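Visitor: Hi, could you walk me through this structure? I'd like to know what to look at.

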Amino acid sequence: MTYISKPFIVFWITAILILLDGFFISDPNSVTDINVHDTYYVIAHGLIAEIFAIIFFLLGFGYWLFDKINRNLNQTLTIIHVSGTVGIALIYRIVLVALNMSKIDSADWVNLFIIVTFSIALLVQPIYILNLCIGFIKPRASR
């Protein structure tokens with residue numbers, strides 16, 4: 001069993017790891033400041049972890065549902081979506097830890113990094129929708 005045959009397991013495990021990281025590993029007082037023009041949005045890391053965990057659980061649920069209704073998904077699109085989504089989440093966390101450890105005080109670089117990673121993550125999500133649409137069109141998988 002590879003992660004491509006059961007991508008929902010990858011998303012569910014990632015969601016659990018995000019929750020564990022957000023609530024037990026990260027500093028409970030840590031926040032992310034996002035500067036948009038003259039407004040600062042201050043978001044607690046625990047809230048960000050909850051939001052991303054819910055998103056990852058829902059993505060995994062979509063893959064699980066297609067597995068249960070016996071529909072074939074395009075393997076290439078599945079690989080691109082799973083690798084892109086989980087990879088961006090991993091890169092985001094690693095770079096955030098590195099930035100916190102280096103004590104870089106440049107909010108511009110942090111904001112740019114957040115915008116770029118979220119943009120890449122959003123650009124990968126239409127592949128998921130396309131994959132689900134193709135799964136509806138393709139004939140059912142034989143078991």
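**Confidence and surface**

Guide: Happy to! This is a predicted model; the mean pLDDT of the chain is 84, and 88% of its residues reach 70 or more.

Visitor: Which elements have the lowest and the highest mean pLDDT?

Guide: Strand S1, residues 31-36, has the lowest mean at 75, while helix H2, residues 45-68, has the highest at 91.

Visitor: Okay, the surface now. Which residues form the nonpolar patch?

Guide: Ile9, Ile13, Ile16, Leu17, Leu20, Phe23, Phe24, Ile25 and Phe57 form that patch, and together they have about 890 Å² of accessible area.

Visitor: Which helix gives the most to it?

Guide: Helix H1, residues 7-25, with 8 residues. Ile9 is in that helix.

Visitor: And why does Ile9 count as partly exposed?

Guide: Because its relative accessible area is 31%, and partly exposed covers the range between under 20% (buried) and over 50% (exposed).

Visitor: Switching topic: what about phi of Asn70?

Guide: Phi of Asn70 is near 65°, a positive value in a residue other than glycine. Asn70 sits in the loop between H2 and helix H3, residues 75-102.

Visitor: Is Asn70 buried or exposed?

Guide: Buried, because its relative accessibility is 18% and the cut-off for buried is under 20%.

Visitor: And where is Ile69?

Guide: Ile69 is in the loop between H2 and H3. At 32% relative accessibility, Ile69 is partly exposed. Its C-alpha atom is separated by 8.4 Å from that of Arg140, 71 residues apart along the chain.

Terms used:
Residues numbered from 1 in each chain as written. Predicted model: local features only at pLDDT ≥ 70, side-chain atom pairs only at ≥ 80, totals over all residues. Heavy atoms only, no water. Patch = residues over 30% accessible without salt bridge, like charges linked within 9 Å, V, L, I, M, F, W, Y side chains within 5 Å. Areas by Shrake-Rupley, 256 points an atom, 1.4 Å probe, with all protein chains shown as cover. Salt bridge = Lys/Arg side-chain N within 4 Å of Asp/Glu carboxyl O. Helix = DSSP H or I, 4+ residues; strand = E, 2+ residues; numbered from the N terminus. Buried < 20%, exposed > 50% of the residue type's maximum accessible area, 1.4 Å probe, protein only. pLDDT = per-residue confidence, 0-100.
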